Amino acid sequence: MTATSKTAESRVENAHEPFISITRRTSSTIGRSLVVRTVAVVIALIICAIITVVLTGENPINVFVSMFEANFGNLNLMMVSMQELAILLLVSLAVTPAFRMKFWNCGAEGQALFGGLAAALVMLLWGGKINDILLLAATLISSILAGVIWGVIPSVFKAHWNTNETLFTLMMNYVAMQLVKFFIKIAAKDGSSVVDPDMLRFSTESGEIFTSAQKFLIIAGFAVIVTIFSFIYLNYSKHGYEISVVGESENTAKYIGINVRKVIVRTMAISGGICGIVGFLLVTVSSRSINPDIVAGRGFTAIMVSWLAKFNPLIMILTSFLLVFLKIGAGNVAMNFRLSLSFSDILTGIILFFIIGCEFFLNYKVRFNFCRLGSQKKR
Amino acid sequence: MFKKIMSIALALVMIVSCCAVFASCGDNEKEKLGESEAMLAAPEITKDFEIPAEFKIGLICLHDENSTYDNNFIKAMKSVQTALGLTDAQVLIKTGVAETDDCYQAAADLVNKGCKVVFANSFGHEAYIVKAAKEFPNVQFCHATGTTSKYSSKDVPNFHNAFAAIYEGRYIAGIAAGYKLNQMIEDKKITADQAVIGYVGAFTYAEVISGMTSFYLGAKSVCPTATMKVRYTGSWYDQQAEQEAANALITKDNCVLISQHADSVGAPTACEVAGVPNVSYNGSTYKSGENTFIISSAINWAPYFKYIIKCACTGADIDKDWTGTIATGSIVLSGLNLDVIADGTKEAVEKAIADFKAGTIHVFDTSKDNFITKDGKKLTEYLADVDGDYTGETNVIHDGFFDESNASQFRSAPYFDIIIDGVTNINTNFGD
């Protein structure tokens, strides 16, 4: 693969090779990938530091320290960031099986939201009226079911009529969002468009049954279980193998007797189900409230988490940590240095750009032809 | 080559002619008088108490400075910080805090960082702030626009609500609008019956209805034939929708003056293009409407911030519920646009301000004839929902006026939600 055109080459007699030549790497070692990634992060941090000094005049070290503090400053903050990590990880795990199948599920946002809506509905109807354990079970089951329904609808269309799943799932997000708005309109009778936690309550006097620590443990517990499940399911089960084959080539899958339609629908049911769990965790466990923005874009961030980790559930722990660390850190930077949130977004963007960009250097070999540069200078 | 020279020459001709045209326009127009001094400026905050070196206050905002609503709080907090000589480390401002458990976590984090007072600015923050207040009884929690401090959260002594009687400011702005309408009638530009005001609201809530009605009453107090048509956008900040709503009011509904309760410059911009006078909100929009802007009212949160800081530092109790008024310095009015206002406006505005300071007028005066009526009848009783259970239960009309935002008796957040005679909702929007 050459980067320059033929006319440019013919003008330079002494060097037949272009100045930059890019070839695909056939093999990549873990050592190299570690070095490349570390270098990418270091360069990103240096550029962030320069931009920080130029634009704000703040000491960049302090900015990074402040990011770190926001995530690990004390036990509470650690719990908050780990909880955030767990939720993002769950959404990422949800989209992964479909991605492995090359089914581009951009609807995790809507699937989680719809799951949350089911939880909110159950709590609104039965909260405080039935046993809390029963209520929890009912909300969890209905959330999962709702998530499954929201995931299965586009997959059925894809499997039978080959509709475009990206557009379909994206549109389902908006449908879910509007349904939540409709729910709020009915639930929040004062027209305030806010669902007060008092409306979604357990039978205790405060309406709450979990402490912050318990909430953290529940959410983290789900994340651990689903991570282990996903890892085994995707790598060591027959289903996981079928997903990979369908992803590689549908024709091969058909040839060896895999029911492609069934695999597509089944996989999206799993994706949707995990999203449903996220909806349950956000609505029933964490906030006891719902608004159209409660998933807060995690359905889309998850796509990046999953891609960055090359669809490996264990590496996703790292990549989702990275994104959560940056997001929480950014908020603290904005507070400590009186900067707009947009500035922290710029820093996050730079760091992500380098991390994604360095993939190029892992997949391709870049060689500079300095010979040619020398010959050009002579002329 | 010829082409190049020609094109440069043509460009030059165009530039020169443009300059000439604009210059001549400028010559024809009379000198602009511009905007007057603020009619009601924010009072200076003075430091009349000792602040311990370790004192900290936390501010939780739904969005950041890019939202005019949040910016109003951030600006007020920064001005108090400067006036009281606090450092950045003593005034912690968290922006972009969602109306979910994130809000509780933000509050808990501020307490951990040493804040003695935490203030949250969005309606949906309330439940999470109450939760934090229960958990940290030694820290004071204040919440703007909330409704529960004297009702469902009355047993949480360190939780407080606050709002401002912005309807006073809007009433005065309405007087300026009424003078403008009268001028149009006198100049025979419109007949008395055509004095239709257009109003761009965000949602069909008490907060908006209270504001628009007080504005309408201000106008009606000087121009008795004035009526008002309202369109709601369904968003607190949507420039496109606000501009479209204003245009529709002007072209379809034949409105001759526009005001708004939404946070962008959509309506002022539409008015400037159409040449229709505009009364704005949340600070002067003179720059967006040099030929149409009249006056603007806004809430000034600085006096409340000073009040809660002072209470926290001196150990005094913060009121469970608090309403800022013109008298407390919580309402500010921009300057008047001297090129647009009718004669006598300035004096009338000054008189109204003095009346409010003296407490001699009520905005929602139900005793006046042909002023506040519903289906042709005067209001003598109205059951408002002040305890937040969605059903009206408290009569808020007494002594001949509707007692809006009475924090000591009822609550600070608005509860006037009557569409009175003379006001027409073209559409409604309770949040889709």
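The contact between the chains takes 27 residues from chain B and 29 from chain A, where contact means C-beta atoms, placed from the backbone, within 7 Å. Keep in mind that this is a predicted model: local features need pLDDT of at least 70, side-chain atom pairs count only at pLDDT 80 or more, and totals for chains, interfaces and linings use all residues. Residues are numbered from 1 along each chain as its sequence is written, while chains are lettered from A and ligands numbered from 1 in the order in which they are written.

**Chain B's side of the contact**

- By class, the side of chain B that touches chain A has 10 nonpolar, nine polar and eight charged residues (nonpolar is Ala, Val, Leu, Ile, Met, Phe, Trp, Tyr, Cys and Pro; charged is Asp, Glu, Lys and Arg; the others, Gly among them, are polar).

**Cores**

- The largest nonpolar core has 144 residues, and among those touching the most other members are B:I60, B:A107 and B:V118. Such a core is a set of buried Ala, Val, Leu, Ile, Met, Phe, Trp, Tyr and Cys residues joined through C-beta atoms within 7 Å.
- Helix α5 (residues 166-186) of chain B supplies the largest share of this core, 11 residues.
- There is also a second, separate core of 81 residues, including A:A94 and A:F202.
- Leaving aside neighbours within four places in sequence, B:V118 is in contact with residues including B:I60, B:A107 and B:F141.

**Strands around β1(B)**

- From β1 (residues 57-60) of chain B, B:I57 and B:L59 point one way and B:G58 and B:I60 the other, and all are buried (20 or more other C-beta atoms, placed from the backbone, within 10 Å; exposed is 12 or fewer, partly exposed in between).
- β1(B) pairs with β2(B) in the parallel sense over four bridges, pairing being at least two DSSP bridges; here B:L59 stands opposite B:I93.
- β1(B) also pairs in the parallel sense, over four bridges, with β3 (residues 117-120) of chain B, where B:L59 stands opposite B:F119.

**A spot on chain A**

- A:S206 sits in the loop between α7 (165-187) and α8 (212-236) of chain A, and A:S206 is exposed because 12 other C-beta atoms lie within 10 Å.
- A:S206 and A:F311 are 105 residues apart in sequence and 42 Å apart in space, C-alpha to C-alpha.

Note on methods. Helix = DSSP H or I, 4+ residues; strand = E, 2+ residues; numbered from the N terminus. Contact = placed C-beta atoms within 7 Å.
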